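Hello,

Here is the structure I said I would pass on. My notes on it follow below.

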Amino acid sequence: MAIKAGITVLFAMICIGLVGPGVASSDNDTRVTRITHFEDSTSDRIPTVTAVPQYPEKARRDRIEGEATVCYFVDSKGRIKNAAIRRSSHKMFAKPSMKAIKQSSYEPLRPNQKMSNVKTCRTYRFLLNPVAIEELE
Amino acid sequence: MDAAEKPELWRPEVRKMSRPAAFALALIFAVSLVSTSRSEESKVVIGPRNPDLTEGAQELLAGNAEDGVALTLRGLAVAQGKREKEAALSNLCAGYIMIEDLDSALTYCDMLLTENDRHWRGRNNRALIYVMREEFEKAEIDLQVGQEINPNARTLKVVKGMLLDATQPVESNIIIDDRRKRKNEE
C-alpha cells in the first residue's frame, strides 16, 4: 500500500517536472527548507551539483519573499564561469544566489560535444510557506 | 550611528531566535545607556556623574549580568534627573532579562514606561519579556507603539520576528528554476 502511494507521488513529481532536492549549501541553518528544482528540458548540460542558497535571515525575519536570476557560462569541464546577477527583487537575495551558483556545477562535455557560447540563467525563488503551529510541536 | 544599531553585536544570536538572542538584545540596550550617560557627562561634569550606573552598564555589556544589575541598582538609588533614572530602569529591565528573572525585568520595564511611555527601548524590552512569557497580544501592542516611535529600529524588528516565529511560523521554500520559459508550475 505504502509502496503504491510512493509510486503515485513519484509519478506525480515526474509529471510536474519536480526533480528533487539539490545539495544544501546552508552553513549553520538548522531550519527546514523545502527545495524544488525545475529543469530546462531543452538544455543538454546536466547539473551535477546544485547548491541551494540559504534564505537570508533578515528576509525571513521580516517575512520578505523574492527572487534573483543569475546568468553564467558553463565551461567544458562543467564549471560555472562569469556568473552575474541579472536581476534581483531585493538586494538581500543577490548574495546567497551568487554563492549558491558558484558552488554548483555541471557534467563535463563529452568528447563529441562542443561548447555553446550561450549564457545559462538560473532563477532562485525565495518563498515562505506558513506552517501550522501544531506541526512544530 | 547609535551604538544600539551596530549589527555585529546581535547578528549571530538572531538566527536561532532563542534565549541567547534575548540576552544579546538586552546587551544592546546597555550599550545605548552608556552612550547616553557619556553624552551627559560631556556637557556637565568631568568624569562619570553616576559611576555605578556607568560601570553597571559596562558589566552588562561584558555579560556579567548579576554584577551589572547590582551596580545599576546602586546607580538607580542615586540617579539624578529623568534621563539617568530612565537609563537605570532600562538597564535593570535588560539586566534582569539577561539573568532570566522575567518578573523583576517586567517590574522595571513597567516602571520605566510609567516614567516615559514613549521610551521605545522600554517598549522593545517589555515586548521581549512578553514574547518569552508567551503573552503575544501584549507583545504586539508594545511593538506597535515602539515602531510608531522609532520605525527603523532594528531591535524592534528582531523582536517582531521572534513574535512572528512564535505566532505565525513559516518555513523557507527555495525554488531553483533553470527553465528558459517559465510555466505555471505552482
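Before the findings, a word on conventions. This is a predicted model, in which local features need pLDDT of at least 70 and side-chain atom pairs count only at pLDDT 80 or more, while totals for chains, interfaces and linings use all residues. Residues are numbered from 1 along each chain as its sequence is written, and chains are lettered from A and ligands numbered from 1 in the order in which they are written.

Helices (H or I, at least four residues) and strands (E, at least two) are DSSP runs, numbered from the N terminus. Axes are lines fitted to C-alpha atoms, for helices over the stretch in contact, and angles run from 0 to 180 degrees between N-to-C directions.

Helix pairs in chain B

The crossing of α5(B) and α6(B) is left-handed, a term used if the near helix is turned anticlockwise from the far one by less than a right angle (right-handed if clockwise). Helix α5 covers residues 81–98 of chain B and helix α6 residues 102–115; their axes come within 7 Å and cross at roughly 155°. α5(B) is therefore roughly antiparallel to α6(B), the word for angles over 145 degrees. Contact means that the C-beta atoms of two residues, placed from the backbone, lie within 7 Å. Among the residues of α5(B) that meet α6(B) are B:L89, B:L92, B:C93 and B:Y96, and the α6(B) side includes B:Y108, B:C109 and B:L112. By class, this contact has 11 nonpolar, 2 polar and 3 charged residues. Here Ala, Val, Leu, Ile, Met, Phe, Trp, Tyr, Cys and Pro count as nonpolar, Asp, Glu, Lys and Arg as charged, and the others, Gly among them, as polar.

Helices α3 (residues 51–61) and α4 (residues 65–77) of chain B also have axes that come within 7 Å, crossing at roughly 160°. That makes α3(B) roughly antiparallel to α4(B). Their contact divides into 4 nonpolar, 4 polar and 5 charged residues. This crossing is left-handed.

One residue in helix α8

B:A139 lies in helix α8 (residues 136–149) of chain B. It counts as buried because it has 25 C-beta neighbours inside 10 Å; the cut-off for buried is 20 or more other C-beta atoms within 10 Å. Not counting residues up to four places away in sequence, B:A139 touches B:A127, B:Y130, B:V131 and B:L163. B:A139 and B:V159 are 20 residues apart in sequence, with 9.0 Å from C-alpha to C-alpha.

A sheet that draws on both chains

An open sheet of 5 strands runs in the order β2(A)-β1(B)-β8(A)-β5(A)-β6(A), with mixed pairing. Two strands pair if DSSP finds at least two bridges between them. The edge strands, each pairing on one side only, are β2 (33–38) and β6 (80–88) of chain A. From one strand to the next, the twist averages 20°. Helix α3 (residues 94–102) of chain A packs on this sheet and touches β5, β6 and β8 (120–130) of chain A; its direction makes about 155° with that of β6(A).

Strand β5 (residues 66–74) of chain A runs antiparallel to β6(A), and 6 bridges join the two. In that pairing A:F73 stands opposite A:K81, and A:A68 has A:S88 as its bridge partner. The two strands form a hairpin with 5 residues between them, and A:G78 in the turn has a positive phi of about 90°. β5(A) also pairs with β8(A), in the antiparallel sense, over 7 bridges; there A:T69 stands opposite A:T123.

Regards

Technical notes. Angles under 35 degrees count as roughly parallel, over 145 as roughly antiparallel, 65 to 115 as roughly perpendicular and the rest as oblique. A residue is buried if 20 or more other C-beta atoms lie within 10 Å of its own, exposed if 12 or fewer, and partly exposed in between; C-beta atoms are placed from the backbone.
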